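Have the chain open in your viewer.

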Amino acid sequence: MLLSGFGTLLQLLYLGMLVLAVVAFVFAATAREDAYRAADKKKKSFWLIILGVAVAVNLLIPLLFLQLAGVVASIVFMVDVRPALKEVSGGGGGGRRGGSSSDGPYGPYNGGR
């Protein structure tokens, strides 16, 4: 019974890695080419190849160490490259435009008044 639960957990882990790689690939594909240059990140084609290989490995080659390499690439894209692309594309800032330097994450800071 324990091995059955472990197999299910492993399948969920594989599915999670695949979903992460696909989501990262879609975000990489939909970003503008000039945003990569403006953010001083690798070229769009570089990320599409790396993330495309990660998706292919997750779909076709069930070797955990290769899949983990794809997860690392996907995580690097999602936590480093994607926020930089959003920033240079005007997507950063939480939907607000303007504001003062005293604005906090939940609105303007009024000094406790």
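Is Ser-74 buried or exposed? The relative accessible area of Ser-74 is 1%. Buried means under 20%, so Ser-74 counts as buried. Its neighbours beyond four places in sequence are Leu-20, Ala-21, Ala-24 and Leu-51.

How far can the prediction be trusted? The average pLDDT of the chain is 85. A score of at least 70 is reached by 78% of the residues. Among the elements, H3 has the highest mean pLDDT, 96. Strand E1, residues 103-104, has the lowest, 62.

Now the surface. Leu-59, Leu-60, Ile-61, Leu-63, Phe-65 and Leu-66 make a nonpolar patch of about 590 Å². Two elements give two or more residues to the patch: helix H3 (44-60) and helix H4 (64-88). Take Leu-59, which belongs to helix H3. Its relative accessible area is 56%. Exposed means over 50%, so Leu-59 is exposed.

Last, a backbone detail. Asp-40 lies in the loop between helix H2 (33-38) and H3. Asp-40 is not a glycine, yet its phi is positive, about 60°. Asp-40 is also exposed, because its relative accessible area of 69% is over the 50% cut-off.

How values were computed:
Residues numbered from 1 in each chain as written. Predicted model: local features only at pLDDT ≥ 70, side-chain atom pairs only at ≥ 80, totals over all residues. Heavy atoms only, no water. Patch = residues over 30% accessible without salt bridge, like charges linked within 9 Å, V, L, I, M, F, W, Y side chains within 5 Å. Areas by Shrake-Rupley, 256 points an atom, 1.4 Å probe, with all protein chains shown as cover. Salt bridge = Lys/Arg side-chain N within 4 Å of Asp/Glu carboxyl O. Helix = DSSP H or I, 4+ residues; strand = E, 2+ residues; numbered from the N terminus. Buried < 20%, exposed > 50% of the residue type's maximum accessible area, 1.4 Å probe, protein only. pLDDT = per-residue confidence, 0-100. Contact = heavy atoms within 4.5 Å.
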